[in-house]
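Here are my notes for your first read of this protein. Please keep the structure open and find each residue as it comes up.

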Amino acid sequence: LTRGPLQPYFDKGIKKVVVSAPVKDPNPVLNIVYGVNHNQYDPAKDHIVTAASCTTNCLAPVVKVIHEQLRITHGCITTIHNLTNTQTLVDAPNAKKSDPRRARSGLVNLAPTSTGSATAIALIFPELKGKLNG
């Protein structure tokens, strides 16, 4: 999702848009994680904000504490996530993904996968850009 598909809301007179997923745009949208960076919200300029992803909402408070108290120089993010919309409910061929692990039932299997949270964390903590992966 980018700013482009959100423009029709503003064309219809909507003043603010909150997106419940990351917004990937060359002109960054403020990722708000309450308790971490919510004080950066500027109502005069932030007309689109994102509540970040569920993984980012879990990770950002932990990163904040560790980074403030100990300083993060490099880190690897590992997450275990509950069932997501990209997983099948029963074992079945997964036409969208080439990873056969994604064909296993999400109800009874944990499928290792990548996360975009390292990128999102770098938007919240710019000084950590390039220091986290996962």
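**Notes on the model**

1. Start with α3. This helix is mostly covered, with 6 of its 8 residues buried. The buried ones are Ser 117, Ala 118, Ala 120, Ile 121, Ala 122 and Ile 124. What lies over them? The cover includes β2 (30-31), α2 (54-70) and β5 (132-133).

2. Remember that this is a predicted model. The mean pLDDT of the protein is 88. Of its residues, 99% reach 70 or more. Among the elements, helix α1 (residues 7-11) has the highest mean pLDDT, at 96. The lowest mean belongs to α3, at 88.

3. Now the overall layout. The protein has 3 helices and 5 strands. Read from the N terminus, the elements follow the order α-β-β-β-α-β-α-β. Along the principal axes, the C-alpha atoms fill a box of roughly 50 × 45 × 25 Å.

4. Next, cover and surface. There are 134 residues, and 31% of them count as buried. The protein exposes about 9100 Å². Carbon and sulfur atoms supply 59% of that area. As for contacts between residues at least 6 apart in sequence, 51% join residues at least 24 apart.

5. Look at Thr 50. Is this residue buried or exposed? Thr 50 is buried, because its relative accessible area is 1%, and the cut-off for buried is under 20%. Thr 50 sits in strand β3 (residues 48-50). Its side chain reaches the backbone oxygen of Ala 21 at 2.5 Å. Which residues touch Thr 50, once neighbours within four places in sequence are left aside? They are Val 19, Ala 21, Pro 22, Val 23, Val 29, Leu 30, Asn 31 and Ile 32.

6. Thr 88 is found in the loop between β4 and α3. Thr 88 has 19% relative accessibility, so it counts as buried. The side chain of Thr 88 reaches the backbone oxygen of Ala 103 at 3.5 Å. The backbone oxygen of Arg 104 also lies 3.5 Å from a polar atom of that side chain. Beyond neighbours within four places in sequence, Thr 88 contacts Leu 83, Arg 102, Ala 103, Arg 104, Ser 105 and Gly 106.

7. Count the salt bridges. How many does a search of the whole structure find? It finds 3. One of them pairs Asp 25 with Arg 3, with the closest N and O atoms 3.5 Å apart. Asp 25 lies in the loop between β1 (17-19) and β2, and Arg 3 in the segment before α1, so the pair ties together parts that are 22 residues apart in sequence. Arg 3 counts as partly exposed, at 25% relative accessibility.

8. Another salt bridge joins Lys 64 and Glu 68, with the closest N and O atoms 2.7 Å apart. Both residues lie in helix α2. They are 4 residues apart, about one turn of the helix. Why does that spacing matter? An α-helix has 3.6 residues a turn, so residues three or four places apart point the same way. Lys 64 is partly exposed, with a relative accessible area of 21%. Glu 68 is partly exposed too, at 46%.

9. Arg 104 comes back here. It forms a salt bridge with Asp 91, and the closest N and O atoms are 3.1 Å apart. Both Arg 104 and Asp 91 lie in the loop between β4 and α3, so the pair ties together parts that are 13 residues apart in sequence. Arg 104 is partly exposed, at 42% relative accessibility. Asp 91 is also partly exposed, at 46%.

10. Finish on the surface. Which residues form a nonpolar patch there? They are Leu 83, Leu 89, Val 90, Leu 107 and Val 108. Together they have about 510 Å² of accessible area. Val 108 is found in the loop between β4 (75-76) and α3 (117-124). Val 108 is exposed, because its relative accessible area is 68%, and the cut-off for exposed is over 50%.

Definitions and conventions: Residues numbered from 1 in each chain as written. Predicted model: local features only at pLDDT ≥ 70, side-chain atom pairs only at ≥ 80, totals over all residues. Heavy atoms only, no water. Patch = residues over 30% accessible without salt bridge, like charges linked within 9 Å, V, L, I, M, F, W, Y side chains within 5 Å. Areas by Shrake-Rupley, 256 points an atom, 1.4 Å probe, with all protein chains shown as cover. Salt bridge = Lys/Arg side-chain N within 4 Å of Asp/Glu carboxyl O. Helix = DSSP H or I, 4+ residues; strand = E, 2+ residues; numbered from the N terminus. Buried < 20%, exposed > 50% of the residue type's maximum accessible area, 1.4 Å probe, protein only. Polar contact = N/O pair within 3.5 Å; in protein donor to acceptor, adjacent residues only side chain to side chain. Contact = heavy atoms within 4.5 Å. pLDDT = per-residue confidence, 0-100.
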